[in-house]
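Here is a walk through one protein model, written for someone meeting it for the first time. Keep the structure open while you read.

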Amino acid sequence: MATQKQVSLLRKFNGMLILFYLVSLLLTAPAVYWITRAQTYETAHQELTLLVDMVRSIQGYVGQSLRAPLTQMEVFHSPALSGAVAINLISNHFQKVQPNYYIRFTSDNPLNPQNRSRELELDLLQRFRSDPNLTELVESGMLHGRSTLVSARPNRAVAECLNCHGDAAAMRSEITEEYGTSSGFGYTVGRVEGVMLVGVPIGHVNEIALQRSLAVIGIITLLFTFLFVAANLLVKRTIISPLVAITSMAQAVSKGQLEHKLEPQRNDEIGALAHAFELMRRSLVAMLKRNRSSK
Ligand code: HEC
């Protein structure tokens, strides 16, 4: 009877600890996962803004600082003075040092076949065509087999573009010699003819989030293991063992064995209980002695 009760007390206590453990895992692991994901996306967005601004600065530099004076001088602005060309050339260099990042000027009617829109690029181009109010789209998707956060902007043709993307038959030899006459021409002013894309990698987001969640699970498990062992030792020493001693003393007294002494060493509630039992035993001893001597 006595041993059964001790087991159930400790078991209840351990059950509660395990419940706490599971609840804290259920709360923290998913929270860490989603917070890490959100933070990584936030960082990717910041990088994206930085890169987009850089690319726009290059476009601005080429368009305003390089092209304008040459146009005024009525010198034909060479293909190297087109924002698209400049950015594609810079992007080639950039991607050698930062292969996971992505800068591209693409079109479904390109001068340079390497710039033909593919997959997500084509999809974004068509979305800009179908919704004239769209000025930017930020999306995550697969680009060249990598999970990427992409910012896309439409390239609407203006009259100036026709200098190099106009009628193929009337095109300057600088362009046709290099790119031929089959593609990249016949732009319509006002139509979205291309899309400018900047992308930063996000393929590792889930991996990082998972790793951090696992680390948190590991730390919580370790902490709870310590807590479990320490709390069990404490409960056994401070509650279970003294209760066992008191119980066996009470059982001995009930069988008439009054010499079974209890020596309470502690001044807490359990110590008080042991003390009370000891007093009761002594009173019983005294009472019995008095009874015997009065007989
Ligand atoms: C000075 C000539 C010139 C002008 C003006 C020009 N482009 Fe281009 N553009 C080029 C050349 C050359 C390329 C090919 C770049 C390469 O080889 O990567 C190109 C490439 C592009 C591309 C990438 C797809 C492709 O054709 O390879 C887009 C999109 C584009 N231009 C849009 C425009 C728009 C829109 C304008 C007007 C705002 C414009 N361009 C004005 C010369 C020009």
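## Helix α2 and Ser-91

Ser-91 sits in helix α2, which covers residues 83-97. Helices here are DSSP runs of H or I with at least four residues, strands are runs of E with at least two, and both are numbered from the N terminus. With a relative accessibility of 4%, Ser-91 counts as buried. On this scale, buried means under 20% relative accessible area, exposed means over 50%, and partly exposed is in between, using a 1.4 Å probe and protein chains only. The C-alpha atoms of Ser-91 and Val-55 are 9.3 Å apart, while the two residues are 36 apart along the chain.

How far does α2 reach from its first C-alpha to its last? Its 15 residues reach 21 Å, close to the 21 Å expected at 1.5 Å a residue. That expected span is 1.5 Å times one less than the number of residues.

## How to read the numbers

This is a predicted model, where local features need pLDDT of at least 70 and side-chain atom pairs count only at pLDDT 80 or more, while totals for chains, interfaces and linings use all residues. Residues are numbered from 1 along each chain as its sequence is written, and side-chain values use heavy atoms, with hydrogens and water left out.

## Two domains

The domain assignment gives domain 1 as 2-18 + 229-294 and domain 2 as 76-203; such bounds come from an automatic or database assignment. Taken over C-alpha atoms, the centres of domain 1 and domain 2 are 86 Å apart.

Start with strand β2 (residues 137-143) and strand β3 (residues 146-156), which pair in the antiparallel sense over seven bridges. Two strands count as a pair if DSSP finds at least two bridges between them. Across this pairing, Gly-141 stands opposite Thr-148 in β3. The two strands form a hairpin with two residues between them, and His-144 in the turn has a positive phi of about 50 degrees.

Next comes strand β4 (residues 192-201), which runs antiparallel to β3 and is joined to it by nine bridges. How many residues of β4 are buried? Ten of the ten are, so the strand is largely enclosed by the rest of the structure.

## The iron and its histidine

Which protein donor does the iron atom of the ligand have? The only one is His-165, through NE2 at 2.1 Å. Donors are N, O and S atoms within 2.8 Å of the metal (3.2 Å for Na, K and Ca), and water is not among the atoms, so sites may look incomplete. His-165 belongs to helix α4 (residues 162-165).

## Aromatic pairs

There are three aromatic pairs in the structure. Rings of Phe, Tyr and Trp (its six-membered ring) pair if their centres lie within 6.5 Å; planes under 30 degrees apart are stacked, over 60 edge-to-face, and the rest tilted. One of the pairs is Tyr-21 with Phe-224: the ring centres are 5.3 Å apart and the planes are at 65 degrees, so this pair is edge-to-face. Tyr-21 lies in helix α1 (residues 2-72) and Phe-224 in helix α6 (residues 205-254), so the pair ties together parts that are 203 residues apart in sequence. Phe-224 is buried, at a relative accessible area of 19%.

Tyr-33 and Trp-34 form another pair, with centres 5.3 Å apart and planes at 85 degrees, so these rings are edge-to-face as well. Tyr-33 is buried at 18% relative accessibility, whereas Trp-34 is exposed at 53%.

Finally, look at Glu-119 in helix α3 (residues 119-130). Its phi is near 40 degrees, a positive value in a residue other than glycine. Glu-119 is exposed, with a relative accessible area of 56%.
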